[in-house]
Amino acid sequence: MKQAIVARRDLGMGEGKLAAQVAHASLSAYEDTGRRTRKKWKGSGQKKVVLGADSESQLFELADKADTEGIPYAVIRDAGHTELEPGTVTALAVGPASDDLVDRVTGDLPLY
């Protein structure tokens, strides 16, 4: 079981902004996950990996793949209070789900 959070590299987010967007994505996808899967993921250590994407369109392509695979996911848009314009798509969480399912969507991406 794992969750992959994909953050956009092209935005040049500061470390704090990146951390906040990754946290938003993780929690949002977790909330959309079934009770059984949440329990299994929590019991196995809540494994997460943060990966990098180069564009908004790449995040949406990955979200479409997650949707096709039936994996919970969340696309995060920034509120625009600090570094970014309101509505900027910053991150995508895929899972939690089995490692193989998450890898079908994000397995080719580099670490952030």
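## Exercises on a predicted model

Glu56 has its place in helix H3, where helices (H or I, at least four residues) and strands (E, at least two) are DSSP runs numbered from the N terminus. Residues are numbered from 1 along each chain as its sequence is written. The model is predicted, so that local features need pLDDT of at least 70 and side-chain atom pairs count only at pLDDT 80 or more, while totals for chains, interfaces and linings use all residues, and side-chain values use heavy atoms, with hydrogens and water left out.

**Exercise 1.** Classify the accessibility of Glu56 and list the residues it touches beyond four places in sequence.

*Solution.* Begin with the cut-offs: buried means under 20% relative accessible area, exposed over 50%, and partly exposed in between (1.4 Å probe, protein chains only). Glu56 counts as partly exposed because its relative accessibility is 34%. Next, take contact as heavy atoms within 4.5 Å; with residues up to four places away in sequence not counted, Glu56 touches Arg8 and Val89. For a distance along the chain, Lys2 lies 54 residues from Glu56, and their C-alpha atoms are separated by 23 Å.

**Exercise 2.** Describe the order of the elements and compare the radius of gyration of the protein chain with that of a compact globule.

*Solution.* The protein chain holds four helices and four strands, and from the N terminus on these run β-α-α-β-α-β-β-α. The radius of gyration is taken over C-alpha atoms, and the globule rule is 2.2 Å times the number of residues to the power 0.38. For 112 residues a compact globule would have a value near 13 Å, and the protein chain has 13 Å, which agrees. Along the principal axes, the C-alpha atoms fill a box of roughly 35 × 25 × 20 Å. As for burial, 40% of the 112 residues are buried.

**Exercise 3.** Which residues of H1 are buried, and against which elements do they pack?

*Solution.* Helix H1 (residues 15-31) has 17 residues and reaches 24 Å from its first C-alpha to its last, close to the expected 24 Å, the expected span being 1.5 Å times one less than the number of residues. Its buried residues are Lys17, Leu18, Gln21, Val22, Ala25, Ser26, Ala29 and Tyr30. An α-helix has 3.6 residues a turn, so residues three or four places apart point the same way. The buried residues of H1 pack against strand E1 (2-8), helix H2 (35-43), strand E2 (48-53), strand E3 (73-77) and strand E4 (89-97).

**Exercise 4.** Identify the residues of the largest nonpolar core that touch the most other members.

*Solution.* A nonpolar core is a set of buried Ala, Val, Leu, Ile, Met, Phe, Trp, Tyr and Cys residues joined through side-chain atoms within 4.5 Å. Of the 16 residues in the largest one, Val6, Leu59, Leu62, Ile71, Leu92, Val94 and Val105 touch the most other members. E1, E2, helix H3 (56-69), E4 and helix H4 (99-106) each supply at least two residues of this core. A second, separate core of 12 residues includes Leu18, Val22, Ala74 and Leu84.
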